[in-house]
Amino acid sequence: MPEPNSFVWNMMIRGYLRNKEPNKTLQFFEQMRLRDVKPDKFTFPFVIRACADLGLVKKGQWVHGQVIKVCLSVDVFIATNLIEFYVSCVSVSVAHKVFDEMPVKDTVSWTAIMSGYVNQGGSNMEMARNFFEEMPVKDLVAWNTMVAGYVKIGDVRVARKVFDRAPVKDILTYNTLLGGYAKYCEAEFVLQFFNEMPERDVVSWNSVLGGLVQNKRINEAMLFFNRMQMENVKPNMVTLVSVLSACGQVGALDMGKWVHTYIDRSGIGLNAIVGTTLVDMYCKCGELESAQHVFNCMPSRDTVTWNALIMGLSMNGKSKEAMKVFLRMQDECVMPNEVTMIAVLCACSHAGLVDEGRRCFDTMHQKFGIIPKLEHYGCIVDLLGRAGLLNEAYTFIESMPLVPHTGVWGALLNACKIYGNVELAECASKHLVELDPQDGGYLAAMSNIYANAGKWDNVAEVRKLMKAKGIRKLPGCSSIEIDGEIHEFGVEEKIHPRSGEIYKMIEHISKLLSLAGHVASTTEVFFDVEDEEKEKALFYHSEKLAIAFGLIATDKGTTLRVVKNLRVLVLVKITGDAAIPMNALAESNATRKFCIKPSVLAVKDNVLDRSSGEWTRKLVL
DNA sequence: CTAGGGTTAG
């Protein structure tokens, strides 16, 4: 075109913005100015939005200056976009100023500033509320914004009050409140609200599903997913991501594979989120080859994807490979974030790479601009502690510029447990109980540490304290997937329909184990039962129930995949022709997952070998 | 036949 007018320029600018190329938008804006075409009231909203998308503070402010120069700052559309820009790139208070200076405001501009305060969360909700009550005309979106705001700060009761007050509601109003219920309320209540909704869309289904998954109610989540299919609601990516996350949590590999093929067949291709979830799921199921394969096939990867693989390898004891992936990540110029560093430090910790871990910690700020947070300090304490450098770990805590949280002291306590350091353990647990009086786990650990040191008076004292406070350790829980169905087991739980057979099988295995000369360790794990019951309790430890069930419910040679709820640090993988389990697991509450082949049963060796950098429990049967 | 605000996932 010889001389495109402003309308044409605006179309180009809009087109690039809509196709997620804000850089091109700005380039065209620049061209437009160079060719002396005056930007108009339509041009600026796009340009401001492009600046906001790219986080270009200076540029945005400059554009604001231009707007003032051409006397367009009175335009409602432009001002509203400026509000959004300042909210996302500068601060709500600056946005607030722009709002105050608007000569004419409409419902959208009121909602924009309200939403700005809503997204800040916390006490800013009061400001949002003031705006809301003051705005002259409240439309559907304004009501929805308020409901969302209260959901965001976790106040579902007030959210419901606003919801009830709203004169008009659409599916988004319902979905917003439903999302809040899904996050904070009992599953029964959520389902009741869901069932009573006048209409439901995929988002409604996804909210409930996501809530169930995040609350670890995996069986219900899977049933809900089945119901969704029965009612012919087509799952979208969000649905599948939730299902995959559920699979990872309980090691449901069959289901995970099914979802994977479903994704492939549906032809959507892997986006970064779905791909990452697949990588994560395969890692948590111990299928590292599949995880790597998905990773390599992904057309686009981001930092989170790399994090999933590094953490996955590390969780499975492949620390060296995790470090290699970290190097490759840097080669490919993907910027690590805080989570990456946690995964990397975790890998160092597992492999006992003390110096390497320290170096990563010391250089992460200058190399990647990541300021160490409490989690990173926790990793270093864990790293030093596991390596037996307990005093150094303690000095490290003392020198921290941040106030140590439960993760930091917990790591020290854990290390004290491994190395039987009573004195430091007392110090750590004192801090832990102060920080989180509700959690009985620390006192439980303390009781075990005293028991291992033979300090029975102290054991009794701690037990008494726990009884008085009425606190208990979080119960262990294991799950196993058989023929696509997930079976969960708690300690000494007898509600499984085949529990009779399961307990018989446990006794059978136990006989074989003691015939082979194995003696169960009774010093740890159960502090709150009498000594004579200890053996029984250990004996019925939740993963044993899961394994025993696996043994009776599958054919010989089937791999059993058992997942625990507590701790996700070390993977015990049983290798060799055959392998087995029972006490390997009871003694390692750091176990996340293990695979066994139920073919032979006899114990020959019982050595914990960590020389290869992996935890390998050799119990050849 | 040009513009702004509200819901689900790694």
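Student: Of the 621 residues of chain A, what percentage count as buried?
Tutor: Good place to start, and do keep in mind that this is a predicted model, in which local features need pLDDT of at least 70, side-chain atom pairs count only at pLDDT 80 or more, and totals for chains, interfaces and linings use all residues. Residues are numbered from 1 along each chain as its sequence is written, chains are lettered from A and ligands numbered from 1 in the order in which they are written, and side-chain values use heavy atoms, with hydrogens and water left out. Buried means under 20% relative accessible area, exposed means over 50%, and partly exposed is in between (1.4 Å probe, protein chains only). For the 621 residues of chain A, the buried share is 50%.

Student: How many helices and strands does chain A have?
Tutor: Helices (H or I, at least four residues) and strands (E, at least two) are DSSP runs, numbered from the N terminus. On that basis, chain A comes to 32 helices and six strands.

Student: Are helices H6 and H7 roughly parallel or roughly antiparallel to each other?
Tutor: The axes of H6 (residues 92–100) and H7 (residues 107–120) come within 10 Å and cross at roughly 165°. Axes here are lines fitted to C-alpha atoms, for helices over the stretch in contact, with angles from 0 to 180 degrees between N-to-C directions. Angles under 35 degrees count as roughly parallel, over 145 as roughly antiparallel, 65 to 115 as roughly perpendicular and the rest as oblique. H6 and H7 are therefore roughly antiparallel.

Student: Which residues of H7 does H6 meet?
Tutor: Contact means heavy atoms within 4.5 Å. From H6, the residues taking part are Val92, Ala95, His96 and Phe99. Their partners in H7 are Ser109, Trp110, Ile113, Gly116, Tyr117 and Gln120.

Student: Where is Thr80, and which residues does Thr80 contact?
Tutor: Thr80 sits in helix H5 (residues 76–89). Thr80 counts as buried, at 10% relative accessibility. Leaving aside neighbours within four places in sequence, Thr80 is in contact with Met102, Val108, Ser109 and Ala112.

Student: Is Trp62 buried or partly exposed?
Tutor: Trp62 belongs to helix H4 (residues 57–69). Not counting residues up to four places away in sequence, Trp62 touches Phe29 and Arg33. With 34% relative accessibility, Trp62 counts as partly exposed.

Student: Why is the pair of Phe85 and Tyr86 edge-to-face?
Tutor: Rings of Phe, Tyr and Trp (its six-membered ring) pair if their centres lie within 6.5 Å; planes under 30 degrees apart count as stacked, over 60 as edge-to-face and the rest as tilted. The whole structure holds 25 aromatic pairs. For Phe85 and Tyr86, the ring centres are 5.0 Å apart and the planes are at 65°, so the pair is edge-to-face.

Student: How many residues apart in sequence are the parts that Phe194 and Phe224 tie together?
Tutor: The rings of Phe194 and Phe224 have centres 5.4 Å apart and planes at 70°, so this pair is edge-to-face. Phe194 lies in helix H12 (residues 187–196) and Phe224 in helix H14 (residues 218–230), so the pair ties together parts whose separation in sequence is 30 residues.

Student: Which residues do ring pairs link into a cluster?
Tutor: A pair of aromatic rings is described by the distance of the centres and the angle of the planes. Here, ring pairs join these residues into a cluster: Phe163, Tyr174, Tyr181, Phe189 and Phe193.
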